[in-house]
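Good morning, and thank you for coming.

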Amino acid sequence: MSSTPRPRPARSAEELNEQIRRLMLCSGGRLSEEQRKEYAGLVVEWAEAVRGGLLAAV
């Protein structure tokens, strides 16, 4: 395992959460294949932002 700290995401967890909500609202909760890929990427980035925030708080 690398001891090099991971870079913090460019967007905050709050920004990413808002983008996820917008995507779900605009699609009416039914995502196309392209939207599912976007959603998956946003969720991964959101999780990294949350982890980064928790590590920064320690």
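Ile-20 lies in helix H1. Please keep in mind that the model on the screen is predicted.

Is Ile-20 buried or exposed? Its relative accessible area is 12%, and the cut-off for a buried residue is under 20%, so Ile-20 counts as buried. What does Ile-20 touch, apart from its neighbours within four places in sequence? The contacts are Tyr-39, Leu-42, Val-43 and Trp-46.

H1 runs over residues 13-27, which makes 15 residues. From the first C-alpha to the last it reaches 21 Å, close to the 21 Å expected at 1.5 Å a residue. Its buried residues are Ala-13, Leu-16, Ile-20, Leu-23 and Ser-27. Why do they lie on the same side of H1? They cover an arc of only 85 degrees around the axis, and this places them on one side of the helix. The general rule is that an α-helix has 3.6 residues a turn, so residues three or four places apart point the same way. On the face turned away from the buried side, H1 carries the exposed residues Glu-14, Arg-21, Leu-25 and Cys-26.

I turn next to the end of this helix. Ser-27 has its place in H1, and with a relative accessibility of 17% it counts as buried. The side chain of Ser-27 reaches the backbone oxygen of Met-24 at 3.1 Å. A polar atom of that side chain also lies 3.3 Å from the backbone nitrogen of Gly-29. After H1 comes Gly-28, whose phi is positive, near 70 degrees.

Which residues form the largest nonpolar core? There are seven: Ala-13, Leu-16, Ile-20, Leu-23, Leu-31, Leu-42 and Ala-49. Two elements give two or more residues to this core, namely H1 and helix H2, residues 33-57. The largest share, four residues, comes from H1. As a general point, in soluble globular proteins nonpolar side chains tend to be buried together.

Two further residues show how the parts meet. Leu-42, one of the core residues, touches Arg-11, Leu-16, Gln-19, Ile-20 and Leu-23, leaving out residues up to four places away in sequence. Trp-46 has its place in H2 and, at 33% relative accessibility, counts as partly exposed. Trp-46 and Glu-14 are 32 residues apart in sequence, yet their C-alpha atoms are 8.2 Å apart in space.

Finally, let us look at the chain as a whole. How many helices and strands does the protein chain have? There are two helices and zero strands. Of the 58 residues in the chain, 17% are buried. Among contacts with a separation of 6 or more, 58% are between residues 24 or more positions apart. The chain exposes about 4,800 Å², and carbon and sulfur atoms supply 57% of that area.

To return to where we began: Ile-20 is a buried residue and a member of the largest nonpolar core, and its contacts include Leu-42 and Trp-46. Thank you for your attention.

Key: Residues numbered from 1 in each chain as written. Predicted model: local features only at pLDDT ≥ 70, side-chain atom pairs only at ≥ 80, totals over all residues. Heavy atoms only, no water. Expected span 1.5 Å × (residues − 1). Buried < 20%, exposed > 50% of the residue type's maximum accessible area, 1.4 Å probe, protein only. Arc of directions from axis to C-beta. Contact = heavy atoms within 4.5 Å. Core = buried A, V, L, I, M, F, W, Y, C linked by side-chain atoms within 4.5 Å. Areas by Shrake-Rupley, 256 points an atom, 1.4 Å probe, with all protein chains shown as cover. Polar contact = N/O pair within 3.5 Å; in protein donor to acceptor, adjacent residues only side chain to side chain.
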